[in-house]
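Colleague: I would like to learn how to read a protein model feature by feature. Could you take me through one, please?

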Amino acid sequence: FTWTGFYVGVNAGYGWSDDDFDAVDLADDDDDGGFVGGAQVGYNYQIGSFVVGLEGDIQYADFGADGAFDIDGDGDADGEFDSSDWFGTVRARAGVAFDRALIYATGGFAFADDANGWVVGGGVEYAFTNNLSAKVEGLYVNLDNDDDFPGFDGETDFGVIRAGLNFRFGTY
């Protein structure tokens, strides 16, 4: 068995945000959690028992914070924020294969609406047939949302735990 080859798949799980907004007179800032789901595409290359690869994904995320803040300091909530309901990543993967089991670390670039940042994580994947594999993965995502509103500068960070199913187009 080899992990070398292209794959496509779907995933679903849970995400939770921990928004760290730095604004004048912030009136409301929620730390929320909820459903995360999407699709991924990638490529792995196996060298002995080591596996390296590249994966990209796009995700729907129902865990963002929303709220209001006072832009001009008059006590009224005249600015609103609502975090994105989607995000994506492009990540390198590196791991060790034990026949049909793969333990890996991952990290790279993250993006959403007008925010860019980074992502790091790890997971376990198991190929239960030559074409189908299942994975469990955890990610930490940090996005910089500079200049969204006057006087507003902050970052959004969140965690994701998800399970996925991949269809592999590998060489056997």
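This is a predicted model: local features need pLDDT of at least 70, side-chain atom pairs count only at pLDDT 80 or more; totals for chains, interfaces and linings use all residues.

Colleague: Let us start with charges. How many salt bridges does the structure hold?

Modeller: The general idea is that side chains of opposite charge can pair when their charged atoms come close. Here the term means a side-chain nitrogen of Lys or Arg within 4 Å of a carboxyl oxygen of Asp or Glu. The structure holds nine of them. One joins arginine 91 to aspartate 57, at 3.1 Å from N to O. This pair links distant parts of the chain, 34 residues apart: arginine 91 sits in strand β7, aspartate 57 in strand β4 (residues 50-61). Strands are DSSP runs of E with at least two residues, numbered from the N terminus.

Colleague: Is arginine 91 buried or exposed?

Modeller: Buried means under 20% relative accessible area, exposed over 50%, and partly exposed in between (1.4 Å probe, protein chains only). Arginine 91 is buried because its relative accessible area is 0%, and aspartate 57 is buried too, at 6%.

Colleague: Which salt bridge does arginine 162 make with aspartate 57?

Modeller: Their side chains meet at 2.9 Å, N to O. That pair spans 105 residues, from arginine 162 in strand β11 to aspartate 57 in strand β4. Arginine 162 is buried, at 2% relative accessibility. Arginine 91 also meets glutamate 137, at 3.3 Å from N to O. Glutamate 137 lies in strand β10 (residues 132-144), 46 residues from arginine 91. Through shared partners, salt bridges join Glu55, Asp57, Arg91, Arg93, Glu125, Lys135, Glu137 and Arg162 into one network.

Colleague: And the aromatic rings: how do I read a pair?

Modeller: A pair of aromatic rings is described by the distance of the centres and the angle of the planes. Rings of Phe, Tyr and Trp (its six-membered ring) pair if their centres lie within 6.5 Å; planes under 30 degrees apart count as stacked, over 60 as edge-to-face and the rest as tilted. The structure holds nine aromatic pairs. Phenylalanine 6 and tyrosine 43 form a tilted one, with 4.6 Å centre to centre and 55° between the planes. Phenylalanine 6 lies in strand β1 (residues 5-17) and tyrosine 43 in strand β3 (residues 33-47), so the pair ties together parts 37 residues apart in sequence.

Colleague: What about tyrosine 14 and tryptophan 16?

Modeller: That pair is stacked because the planes are at 25°, with the centres 6.2 Å apart.

Colleague: Which residues form the nonpolar patch on the surface?

Modeller: Patches are made of residues with over 30% relative accessible area and no salt bridge: like charges are joined within 9 Å, nonpolar side chains (Val, Leu, Ile, Met, Phe, Trp, Tyr) within 5 Å. Phe6, Val8, Val41, Phe167 and Phe169 form the nonpolar one, with about 480 Å² of accessible area together. Phenylalanine 6 counts as exposed, at 53% relative accessibility.

Colleague: And the backbone angle?

Modeller: Most residues other than glycine have a negative phi. Aspartate 99 has a positive phi of about 55° although it is not a glycine. Aspartate 99 is found in the loop between β7 (86-98) and β8.

Notes: Residues are numbered from 1 along each chain as its sequence is written. Side-chain values use heavy atoms; hydrogens and water are left out. Helices (H or I, at least four residues) and strands (E, at least two) are DSSP runs, numbered from the N terminus. Accessible areas come from the Shrake-Rupley method with a 1.4 Å probe; for residues, only the protein chains shown count as cover.
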